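User: I have a model open and would like to go through it with you. Could you take me through the packing and the charged pairs?

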Amino acid sequence: MKKSIISILAATVLLSSCSIQQDNYAKRTVSVSGTGSVTVEADTATIILSVITTGKDVAETSAENAKKMTAVQDAVKAKGIQKECISTQNYSVYQESHYDNKSGKQVYDDYRVTNQVKILVKKINMAGEIIDLALKSGANQLSSLTYGVTDTEIAKKQARSLAIAQAQESANLLAGASGAKLGKVLSISEHADYAYPRARLMKTSAVAANDMAIEEAAPTPISGGSSTITISVDAVYQLR
């Protein structure tokens, strides 16, 4: 009777041991990453510029700013830029000041009004012309010029395929090196990065002395260049 009990217990321990080994084996995985990048030609430009005015009277300074910004927007609209492609980014009014060492007091100076606008140019070859036109019409600060791509879906699909292929290749290599075979994908996640180049211009901050100086200035050359669409994936594969 005792021998029978001992045999049953031994069999139970053996079965439990096999079950644990199988569970551990089933949980063997390999985690890998893959990255795919596709370069596409930019076909749009986004311009951010401002009209900045200063003056002693806040109402007059604001009115002057509004007049100049209206002239800027009317000018670019006349060149074919649609109304929905023009949007206000920031509008601020504040009084400048400085500390007077002699009196030991804060002295208030002129009011400064800033109206910043974003302009989307769908024909990239017009970007330089739009910049020059805006500066000529009253804008006196150019903050940035960036390029973009209208349709990125095809490029994203290509980049995604490259990323997955790279991840699978790494997983196969690691599985082979460990004497295992690659199983099914247990999980996969994606991260996207769209690198749109930012142009470097001679007129990064244009405060014109007068309209004649802008009129005679050479046109601002703009080259669209290319943008890079990058997709990264993190994948976990089962090992068999």
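**A buried lysine and its partner**

Analyst: Lys156 is buried, its relative accessible area being 14%, where buried stands for under 20%, exposed for over 50% and partly exposed for what lies in between, with a 1.4 Å probe and protein chains only. This is a predicted model, in which local features need pLDDT of at least 70 and side-chain atom pairs count only at pLDDT 80 or more, while totals for chains, interfaces and linings use all residues. Residues are numbered from 1 along each chain as its sequence is written, and side-chain values use heavy atoms, with hydrogens and water left out.

User: Which residue does the side chain of Lys156 meet in a salt bridge?

Analyst: The partner is Glu153, at 2.9 Å from N to O, a salt bridge being a side-chain nitrogen of Lys or Arg within 4 Å of a carboxyl oxygen of Asp or Glu. Both residues lie in helix H4 (residues 153-177), three residues apart, about one turn of the helix. Glu153 is partly exposed, with a relative accessible area of 42%.

User: How many salt bridges are there by that rule?

Analyst: The count comes to six. One of them joins Asp110 and Lys56, at 3.0 Å from N to O; because Asp110 lies in strand E4 and Lys56 in the loop between E2 and H2, the pair ties together parts that are 54 residues apart in sequence.

User: And how exposed are Asp110 and Lys56?

Analyst: Asp110 is partly exposed at 22% relative accessible area, whereas Lys56 is exposed at 69%.

User: What about Arg112, which residue does that form a salt bridge with?

Analyst: Arg112 forms a salt bridge with Glu96, and their closest N and O atoms are 3.4 Å apart. This pair links distant parts of the chain, with Arg112 in strand E4 and Glu96 in strand E3, 16 residues apart. Arg112 is partly exposed at 24%, and Glu96 also counts as partly exposed, at 26% relative accessibility.

User: Changing topic, what is the overall layout?

Analyst: The protein has five helices and seven strands, which follow the pattern α-β-β-α-β-β-α-β-α-β-α-β along the sequence. Helices (H or I, at least four residues) and strands (E, at least two) are DSSP runs, numbered from the N terminus. Of the 240 residues, 34% are buried.

User: Which residues have the most contacts inside the largest nonpolar core?

Analyst: That core has 25 residues, and those with the most contacts inside it are Ile47, Leu49, Ile81, Ile119, Val121 and Ile130. A nonpolar core is a set of buried Ala, Val, Leu, Ile, Met, Phe, Trp, Tyr and Cys residues joined through side-chain atoms within 4.5 Å. The elements giving two or more residues to this core are strand E2 (44-55), helix H2 (58-78), strand E4 (105-121), helix H3 (127-137) and strand E5 (141-148), and H3 gives the most, with five residues.

User: What does Val121 touch?

Analyst: Apart from its neighbours within four places in sequence, Val121 is in contact (heavy atoms within 4.5 Å) with Thr44, Ala45, Ile47, Ile81, Met126, Ala127 and Ile130. A second, separate core of 19 residues includes Ala163, Ala171, Ala180 and Ile231.

User: Is E5 mostly covered or open, and in which sense do E2 and E5 pair?

Analyst: E5 is mostly covered, as six of its eight residues are buried. E2 and E5 pair in the antiparallel sense over seven bridges, where pairing requires that DSSP finds at least two bridges between two strands. Within this pairing, Leu49 has Leu142 in E5 as its bridge partner.
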